[in-house]
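Good morning, and thank you for the time.

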Amino acid sequence: MSSYIKFDKALMTNLQESIRKEILRTSRSGAYASSTVVDCNTRKYHGLLVVPIPSIDDENHVLLSSLDASVVQHGAEFNLGLHFYQGGVMSPNGHKYIRGFNCDVIPTTTYRVGGVLLRKEVIFQTYTDRVMLRYTIDEAHSPVTLRLRPYLAFRRADELTHENYQAMRDYREVSGGISTTMYKEYPELYMQLSKKNTFVYQPNWYKGLEYYKEAERGYECVEDLYVPGYFEIECKKGDEIIFTASLSECKPATLKKTFNEAVAARLPRDNFYHTLITAAHQFHNNSGKERYLLAGYPWFKVRARDTFISLPGLTLSIDELDYFHSVMNTAVKGLKEFMTGKPLTVKIYEIEQPDVILWAVWTIQQYAKKVGIEEAAKEYGKLVFDIIDYIVNGRHINLQLKENGLLYTDGREKPMTWMNSVANGRPVVPRTGFVVEINSLWYNTLMFAAEISQALKKKKDQENYLNIGKKIKEAFCQIFITPAGYLLDYVEEGITDLNVRPNMIFAVSFDYSPLDKSQQKSVIDFCTRELLTPKGLRTLSPKSGGYNPMYVGPQVQRDYAYHSGTAWPWLGGFYMEACLKVYGKSRISFVQRQMIGFEDEMMYHATGTISELFDGNPPFHGRGAMAFAMNVAEILRTMKLIDQYNQQ
């Protein structure tokens, strides 16, 4: 089988290319291991063991930043590590020994040092916050000594650390290694090996490590890391040495079996689809009995809007109904607590945002397509009706039902939609009044409620929802449609924003559209001409004022660009759905060509997943978070749609 994600020596030793390719491995707790393919950390969020520490706060913490491996032969030491230091210094340049990298199942790097061929594999356990690295001596003409040098941070993932006198240097010996902690509030870190080793205590601070990704983002980017010493292992050809780092002690004799079982449970990344499924699983998040979807890595938490938009693509599209139900049970619990004014017992953020409850209905609608309207109505029909009643009776603090049937939201002082960037305390895009996707969702919700009512044989309710929908449809077309043929993004009395934005695509892509066919085609045409890129839809047309397509520079500069020209793949998913819905099978080849732009991303940025957003202009660089749930979800959902249209 040929490798799907594979980089040869020429690329790996070309740091201009390889240093920008990241890897990410996660556990169900939200812990992860991440670096670049050459094992040089370029973000403060990078680390081999980055874990939540609930006893401290609600954030992830970098404990083990990196692990430098050295091969010692004939008295000479060859360090395979690589770090950036202040002043543009790279040391110890271990990338020059790399002969290849592949990610068929788990990240695997091969090094050649003289007569020694060393293979390194990395895996992060799914249900335990434990990273394991297996070093295999594939070739060696004489005995080899392997040295492993851990770099410790013990800090929040969004902060940096520096040499200090509070850091403790104590350690204690445990089976196969040591345990240590740098500060009293932190738990012990266990570092153990499967093979007999010697720990050489040689405490030292390595100063001035620089993370260029943070420099690009306008943040502090230099820190010091503590190295307590190194592990030394005598090896020969054929030896396997497994190193593990975790918050719990293990039995070294079990490491080989544990490692092999973990590898066997992984889905091979042998094509685009399988790679996306693996990416989808990385967003699974467990907390006690509750099941969630993380919005992204490395800094996002569980957000309500992201959960509902992502859930169909990350579960239903890949036939994982069990996890759909698990996440929905948690999310519905949160929705009911929110709508009844009770304190939230679930860890879902931003559930009060005005479009969230409407996206929940859209999620149920996708479930109905999977299992049938009767089953969906039986399971979630009451929730849909409760959501509508909640809105109609004016109980949502951020939604007002106006006489024309449309929903009004106030977003002048605080962002109320997914376009939520803020600069100088104010929304960059002050979407307020009648917002196009909120009212597209509202119309779709009422029409779907009528469909549920019909399934439940509630004819009176069905007629009521249809009548309200008719009123909304008329008002929607009157307010949002421009003479040019596109839809206004938001409308408030006294404010007319004529900018062309992508949110109008939802009025076409949803199952129930307030637009007629010609109006739908006009919206698609505008999106195609002014917003479409190989990486999704732009957030603003280049023809509109304030177009800013490059998400680079200091925080404020990026805040202004965030929704002012950057491209988002998840929007592209809804665009492609709209194309298939309006034009049918004649657009399949076009949609398939669009998917090529996303498959290219499997080899760039965070390998095997999709970045948060992309520059709106060529060459469309990936930016922001290295993995974003809504993007992966919508690409998977689009692939499912293509299959469905091909079968018609």
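This is a predicted model: local features need pLDDT of at least 70, side-chain atom pairs count only at pLDDT 80 or more; totals for chains, interfaces and linings use all residues.

The largest nonpolar core holds 211 residues, and the members that touch the most others are Leu148, Phe243, Ile505, Trp570 and Tyr575. Which residues does Leu148 touch, once those up to four places away in sequence are set aside? They are Leu67, Asp68, Ala69, Tyr135, Leu193, Gly229, Tyr230, Phe231, Ile233 and Phe243. Apart from this core lies another, of eight residues, which include Ile106, Ile242, Leu255 and Ala262.

I turn now to the aromatic rings.

Phe78 belongs to strand β6 (residues 76-79), while Tyr97 lies in the loop between β8 (89-91) and β9 (98-102), so the contact ties together parts that are 19 residues apart in sequence. Are these two residues buried or partly exposed? Phe78 is partly exposed, at a relative accessible area of 28%, whereas Tyr97, at 16%, is buried.

The second pair is Trp362 with Phe574. Here the ring centres are 5.5 Å apart and the planes meet at 50°, so the pair is tilted. Trp362 sits in helix α8 (residues 356-371) and Phe574 in helix α15 (residues 569-583); the pair therefore ties together parts that are 212 residues apart in sequence. Both Trp362 and Phe574 are buried.

Rings also take part in contacts with charged side chains. Lys402 lies over the face of Tyr408, 4.9 Å from the ring centre. Likewise, the charged end of Arg529 is placed over the ring of Phe526, at 4.6 Å from its centre.

Finally, I come to strand β12, which spans residues 130-139. Eight of its 10 residues are buried, so β12 is largely enclosed by the rest of the structure. Which strands does β12 pair with? Strand β11 (residues 116-124) runs antiparallel to β12 and is joined to it by eight bridges; Leu117 has Glu139 of β12 as its bridge partner. The two strands form a hairpin, with five residues between them. Strand β19 (residues 240-246) is also antiparallel to β12, through seven bridges, and Met132 is partnered there by Thr244.

Terms used. Residues are numbered from 1 along each chain as its sequence is written. Side-chain values use heavy atoms; hydrogens and water are left out. A nonpolar core is a set of buried Ala, Val, Leu, Ile, Met, Phe, Trp, Tyr and Cys residues joined through side-chain atoms within 4.5 Å. Buried means under 20% relative accessible area, exposed over 50%, partly exposed in between (1.4 Å probe, protein chains only). Contact means heavy atoms within 4.5 Å. Helices (H or I, at least four residues) and strands (E, at least two) are DSSP runs, numbered from the N terminus. Rings of Phe, Tyr and Trp (its six-membered ring) pair if their centres lie within 6.5 Å; planes under 30 degrees apart count as stacked, over 60 as edge-to-face and the rest as tilted. A charge sits over a ring if NZ of Lys or CZ of Arg is within 6 Å of the ring centre and within 35 degrees of the ring normal. Two strands pair if DSSP finds at least two bridges between them.
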